[in-house]
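Please open the structure in a viewer and keep the selection tool at hand. The tour below moves from one selection to the next and says what is found at each stop.

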Amino acid sequence: MVGTAIARELARYRLDCVLLEAGPDVGAGTSKANTAIWHTGFDAKPGTLEARLVRRGHELLGEHAPALGIPLERVGALLVAWNAEELAALPGIRERAEANGCPDVRPVTLQELYWREPRLGPGATGALEVPGEGILCPWTTPLAFATEAVAGGVELRLATRVEGIAPEGSGEPRRPMGRVPVDQALGAHELATTAGPVRARWLVNAAGLHADELDRMLGHDGFTVTPRRGQLVVFDKLARPLLRHILLPVPTATTKGVLVAPTVFGNLLLGPTAEDIGDKADTASTAEGLAGLLARGARILPGLLAEEVTAVYAGLRAATEHADYQIRVHAGQRYACVGGVRSTGLTSSLAIAEHVVGELGRAGLPLHPKPSVERVRMPNIGEAFPRPYRSAAAIAADPDHGRIVCHCERVTRGELLAAVRGAIPPRDLDGLRRRTRALMGRCQGFYCTGAVASLFAEASGRSMAEVLGVPPSRSGAARVRGGPARSRGAAT
Ligand SMILES: Cc1cc2nc3c(=O)[nH]c(=O)nc-3n(C[C@H](O)[C@H](O)[C@H](O)COP(=O)(O)OP(=O)(O)OC[C@H]3O[C@@H](n4cnc5c(N)ncnc54)[C@H](O)[C@@H]3O)c2cc1C
C-alpha cells in the first residue's frame, strides 16, 4: 500500500523509478489482510505524524477513490461504550477528536443508538457518532496506485527481494547487522536483490514488516518491528442486514479494539485481535483468538452467532516500540525510511506518499513535474457500485460479461479475462481473487476453482499446475492450449 502510493506520487515527476516487491504481486503483504476501515483519525494521538497523515489521507482517499475506481462507502461509525469506565472515557475521546480535526464526532443517546442499530446487544452505556468513518477495498487500492505508477513510467519488478544495500563501488553489499556511518554521502546505492543488482541514486524503504531490517542495512537502528497479529472473521452476506454502521469499541492505548463492520463486498467483519508475536510470517488463525472474537461479537451483535462464517484470516501490523510512524528522510544518504505504519496505513497511504515525496524534494531530489499525468480507473469489485453482470449495456458490448463463472460473487468471464490481461496481471489464483472477488464467496471456491483456474490458464498461457500452485512432480499437466472443454477437464 505505502510503497505503491509513493511510487504513484513519484511518477508525477521526471524521474526514473523502479518499484521492487519481494512477493509475486503488489498488495499481498499486510495490505491485503486488514479491517479495511477508512479512518478519520479521530482517536489518534494528537500532534503525532500519524494523526496528521491519517487525517490528510482520509481527505485524499475520499477525493481520489471514485476516479481510481476504488470501492469506498461512507457508512459512518458508532463508537459504543459497554460499562461505566468506557462511558467515562467518551468525553475525552470527543476532545481528542476535536484536537484531531474531527469536530463532527458527537454523543448519541441510548435511545438513538438502539433506534439506529436495533440489533445491537443489550447493555450499552453510551455512544459517540463518528460520521466520517467508512469502508474501502483494501485490494483495489494498492493495485490502483501501482497501475497508475506503471502508467506513469515506473518500472515494477515483482519477485525481487532486496537482500543487501551498499554504497556504489564499495564491494560487499551490507547485510542486516552491518554498520556504516549514518549520513555518509553516497554516489548511489547498490542493491543486491534476488533478481540481480539494482543501482539507485535515491532509495525509499517501504518494506512494511521488514522496514527495520532494511533500515539497519543503511546503518540505522531507530526501531524494531514486532508483528502485532490481528485475526478476523468474515460472515456471509446474509448477515449484512444485521447492522448499518461500523460498530467501534472504546479504543485502548495498544489497540483500536474489536469492531463489527460491513465490508465493501457485502459481508460483515468481526475483529481484529491484537497479539504481539515473534514471527513476521505467522498469519495463522488460532482457536483461542477466534473464540475470543466470537464471544466479543456475541455481546456487540448477538444475531451474528446464528450466521454462517465464510472465512477467517489474520494480518500482521508493523508495530514498533514507538507510538508513531517511523518516517525519516536522511538527505546525506539520499534515503527515506517509511516504517512503523501499523494500524492506519490503508487510510494514510496517499498522505504518506505526499509527505515523503515532499521531504525528498527538500532533501535535494529534483522534482520536475511532467506536463501531464496518466490516470487510470480500476474495474469496480464493490457491492455498492455497478458490476458488469447487472448491466445490459455491458453485456451487449461484451457477451462475456453475461457469463458468470463464480456464482457466489457473480464474477463474469469478462471480468476474469480483463484481470488476466490487465496492466499488472495476477500471477496466481490469490492475485486473481483480489482483482475480481472470484473464489471469495460463501463456497470459498468449492464450486468454481476448476472453471476459474482453467480460464486463467487458458488466457495467460500458463499451465494448470502453475495456476493451481501444484509442484511439478505432482502435476503431470501440460500447458493448456485447447479450447474450454479441454481446460475444464484439466481442472477437475
Ligand atoms: C489486522 C489489521 C487491521 C488493520 N486495519 C486497518 C484499517 O481498518 N484501516 C487502515 O487504514 N489500516 C489498517 N491496517 C493497517 C494497514 O493494513 C497497514 O498499515 C498497511 O497495509 C501497511 O502497508 P505497507 O505497504 O507498509 O505494508 P505491506 O502491505 O506489508 O507492504 C510491504 C511490502 O514490502 C515488501 N517487502 C518486504 N521486504 C522486502 C524486501 N527486502 N525487498 C522487497 N520487498 C520487500 C513486502 O513483500 C510487502 O509487499 C490494519 C492492519 C492489520 C494487520
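A pocket is an open set of grid points with protein on both sides within 12 Å along at least five of seven lines. The model on screen is a predicted one.

**Stop 1**

**Stop 2: the cavities**

Rolling a probe the size of a water molecule over the atoms shows where empty space is left. Three cavities of 30 Å³ or more are present in the structure. The largest cavity contains about 70 Å³ of space. To find it, select the residues that line the largest cavity: His39, Phe42, Asp43, Leu79, Glu133, Leu248, Pro249, Pro251, Lys256 and Leu259.

**Stop 3: the largest nonpolar core**

In soluble globular proteins, nonpolar side chains tend to be buried together. The largest nonpolar core here has 47 residues, and the members that touch the most others are Ile6, Phe145, Tyr325, Ile327, Val338, Ile352 and Val356. Colour α1 (2–10), α2 (49–68), α5 (140–151), β20 (335–339) and α8 (345–362), the elements that each give two or more residues to this core. Which element gives the most to this core? The answer is α8, with eight residues.

Now select Val338 and display its surroundings. Residues up to four places away in sequence aside, Val338 touches Val2, Ile6, Val204, Asn205, Ala206, Ala211, Gln326, Ile327, Ile352 and Val356. Another core, of 25 residues, lies apart from this one; Ala77, Ile93, Ala97 and Phe265 are among its members.

Is Glu354 buried, exposed or partly exposed? Its relative accessible area is 32%, so Glu354 is partly exposed. The C-alpha atoms of Glu354 and Ala5 are separated by 8.7 Å, although the two residues are 349 residues apart along the chain. Beyond its neighbours within four places in sequence, Glu354 is in contact with Glu9, Arg56 and Leu60.

**Stop 4: helix α7**

Select residues 287–300, which form helix α7; its 14 residues reach 20 Å from the first C-alpha to the last, close to the 20 Å expected at 1.5 Å a residue. Colour its buried residues, which are Gly289, Leu290, Leu293, Gly297 and Ile300. Viewed down the axis of α7, these buried residues fall within an arc of 90°, so they line one face of the helix. An α-helix has 3.6 residues a turn, so residues three or four places apart point the same way. On the face of α7 turned away from the buried side, select the exposed residues Ala287, Glu288 and Ala295. The cover over the buried residues of α7 includes β13 (226–235), β14 (246–248), β15 (259–262), β16 (268–271) and β18 (309–319).

**Stop 5: helices α10 and α12**

Move to helix α10 (residues 413–420). Six of its eight residues are buried, so α10 is largely enclosed by the rest of the structure. Those buried residues are Gly414, Glu415, Leu416, Leu417, Ala419 and Val420. They pack against β21 (404–406), β22 (411–412), α11 (429–436) and α12 (449–460).

Continue to α12, whose twelve residues reach 16 Å from first C-alpha to last, close to the 16 Å expected at 1.5 Å a residue. The buried residues of α12 are Val452, Ala453, Ser454, Leu455, Phe456 and Ala457. After α12 comes Gly461, with a positive phi near 70°.

**Stop 6: backbone details**

Most residues other than glycine have a negative phi, and most peptide bonds are trans. Select Leu439, in the loop between α11 and α12: its phi is positive, near 80°. Leu439 counts as buried, because its relative accessibility is 11%, under the 20% limit. Gln444 lies in the loop between α11 and α12 as well, and has a positive phi of about 50°. At 39% relative accessibility, Gln444 counts as partly exposed.

Finally, select Pro272, in the loop between β16 and β17 (275–276). The peptide bond from Gly271 to Pro272 is cis, with omega near -5°.

Note on methods. Residues numbered from 1 in each chain as written. Heavy atoms only, no water. Core = buried A, V, L, I, M, F, W, Y, C linked by side-chain atoms within 4.5 Å. Buried < 20%, exposed > 50% of the residue type's maximum accessible area, 1.4 Å probe, protein only. Helix = DSSP H or I, 4+ residues; strand = E, 2+ residues; numbered from the N terminus. Contact = heavy atoms within 4.5 Å. Expected span 1.5 Å × (residues − 1). Arc of directions from axis to C-beta. 1 Å grid on protein atoms, 1.4 Å probe; cavity = no way out; pocket = protein on both sides within 12 Å on 5 of 7 lines; lining within 4 Å. Points joined across faces, edges and corners; volume = space filled by probe spheres on them.
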